[in-house]
Amino acid sequence: MILPSFAQQSLESMYEGVEFDMPKVKETSFPDFDKNIKELGAVGDGIHKNSEAFKAAIEAVNSAGGGRVIVPRGIWLTGPITLLSNVNLHLEDGALILFSADFDDYPLVDTSFEGLNTVRCISPINAFQVENIAITGKGTIDGNGDAWRFVKKGKMTEAQWKKLVNSGGVLDAKGQIWFPTQESLDGYNASSNFNVPDIKDRAALEKMKDFLRPVMVSIRESKRVLLDGPTFQNSPAWNIHPLMSEDVIIRNLNVRNPWYSQNGDGLDLESCKNVLIYNNTFDVGDDAICFKSGKDKDGRDRGMPTENVVVKNNIVYHAHGGFVVGSEMSGGVRNVHVSNCTFIGTDVGLRFKSTRGRGGIVENIWISNIHMIDIPGEAIRFNMFYSGNSPILEDDQNAEDEARDETLLPVTEETPSFQNISMKDIYVSGSGIAGFFMGLPEMKLKNVSLENSVLEAEKGITAIYASGLVLKNVKVLGTKDSSLTIYNSEGVSVSGFSFEDNGTSPVRVLGNKSSNITFDKKDFNSASEISFGNGASESAVKLN
């Protein structure tokens, strides 16, 4: 497969070919006024802490009506930076903002993390209820994340693990997870819900503050936001987290985290609207470009979907998922265009995840012209039984944790729904699984289509609890088993389906609830190429 060239795309081209009524994103604008942090006593030697100089420069620009805070070449050690309205934090070429590893610099604040209303340490870069802000330039922002993160032994080589353990910190009871401090381990042991402790008492949380790792860039309830140019790397938790904000442009960024970084997401766009994401590169430890809208009751009570978003011309290297929706999507996700992206070695390419209890509706997603290579997991993955495991299981994870529970449950506000998702021109070379489409027994995956695509994989496409699935002009190559398996699905239409003869039945229809499945007879030498099992009836299938 020949990968497409990574030509920069313009702001004007972001609106071309978008399938929904995409509002023009309101852009930032700043007066011609600069304040250099050196003027306020900052020292760029990587030793002196410059928290007060950053604070003074930002306040001076804000008081003057707006402009740029200039960060020149140098290594600028600092505590948290709070952005104010009408301020552009501009990093010149060679500038490195390095955040302090002193946890005392980061007090606890009320915020949202992993979709839940909670308390975390304040983010290294933070903004709350501001308007017209930017982070621009060619410099680098480093969150000093290795000081914060716990690390799993299975993600490191033997030499790396030995060096880490000898550096200090503590191990969990099984000796498989390293923590920077005992307080961090205490917080981990107090958390049954991923990384949010069950404890609500503020005094008790203070005693495990080291565990409450912040996202590196937290922009909350703000308007007209621009991130353009810098490298964002080594975040304590997620890297960039716009939350409940609107009119956001994210472009020309290099977003990096070590591949072993726990919760080392690249970009988590949560409950935001009117957003452009383009010309970025991601190489991270968890999901790369991820859309969220709150988790369970907290997300449903917030009731703010992520909507009206265009994603174009991005490259993803290492990540759990290239483009991802969920699993915290309780407020919904809708009106999204994704195109001209390349995933190179990403665990999973297109990743949609949720579970019972979330609620929320994900709908009106258009994805096109995606190239993938060396994807060890699924090129396309829908999993409505997600319980937090990585797509490539780690040493402490078990596939049984995400096994299907086929009990038919009542449909309530806690039932998630994914519907009206179009994918076309998807080209995959060297994946583990071509596609995995799994809904819930009580809420099937509805009206998903895949067209004009070529998927090379060791295993083919599987559809479980899908309704209205359309496969049109899809070629599956290299599989060692059936190219298509359909289980307890209905209203499935398959035409122009190509596959290679590998000595197995190319298509299997399974389950006594499978019905109204249509194939194009031109695609088969004989009806015997479709096999049935697990109670499926031949009457469920029509050959047209």
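Modeller: Gladly, and bear in mind that this is a predicted model. It holds 1 cavity of 30 Å³ or more.

Biologist: Why is that space called a cavity?

Modeller: It is called a cavity because a 1.4 Å probe fits there but cannot get out. The volume of the largest cavity is about 30 Å³.

Biologist: What makes a residue part of the lining?

Modeller: A lining residue has an atom within 4 Å of a cavity point. Met-384, Pro-416, Ser-417, Phe-418, Gly-439, Leu-440, Met-443, Lys-444 and Leu-445 therefore count as the lining of the largest cavity. Sorted by class, they give 6 nonpolar, 2 polar and 1 charged residues.

Biologist: Now the strands. How do you know that β13 and β15 are paired?

Modeller: Pairing needs at least two bridges. β13 and β15 (residues 177-179) share 2 bridges in the antiparallel sense, so they pair. Val-151, for instance, stands opposite Trp-178 in β15.

Biologist: What makes β13 and β14 edge strands?

Modeller: The open sheet has 3 strands in the order β13-β15-β14, with antiparallel pairing. β13 (151-152) and β14 (170-171) each pair on one side only.

Biologist: Which helices accompany this sheet?

Modeller: Helix α2 (residues 158-166) lies across β13, β14 and β15, at about 35° to β15. Helix α3 (residues 182-189) packs on the sheet as well, touching β14 and β15, and its direction makes about 125° with that of β15.

Biologist: Why is strand β4 called mostly covered?

Modeller: Buried means under 20% relative accessible area. In β4 (residues 74-78), 4 of its 5 residues are buried, so "mostly covered" is the description.

Biologist: Which strands does β4 pair with?

Modeller: β4 runs parallel to β2 (residues 45-49), joined by 2 bridges, and parallel to β7 (residues 95-99), joined by 5 bridges. Asp-45 stands opposite Ile-75 in β4, while Gly-74 has Ala-95 of β7 as its bridge partner.

Biologist: How many residues of β29 are buried?

Modeller: In β29 (residues 333-344), 9 of its 12 residues are buried, so with the under 20% cut-off this strand is also mostly covered. β29 is joined in parallel to β26 (residues 306-312) by 6 bridges and to β31 (residues 361-383) by 10 bridges. Glu-307 stands opposite Arg-334 in β29, and Phe-343 stands opposite Met-372 in β31.

Definitions and conventions: Residues numbered from 1 in each chain as written. Predicted model: local features only at pLDDT ≥ 70, side-chain atom pairs only at ≥ 80, totals over all residues. Heavy atoms only, no water. 1 Å grid on protein atoms, 1.4 Å probe; cavity = no way out; pocket = protein on both sides within 12 Å on 5 of 7 lines; lining within 4 Å. Points joined across faces, edges and corners; volume = space filled by probe spheres on them. Nonpolar A, V, L, I, M, F, W, Y, C, P; charged D, E, K, R; others polar. Contact = heavy atoms within 4.5 Å. Axes fitted to C-alpha atoms, helices over the stretch in contact; angles between N-to-C directions. Buried < 20%, exposed > 50% of the residue type's maximum accessible area, 1.4 Å probe, protein only.
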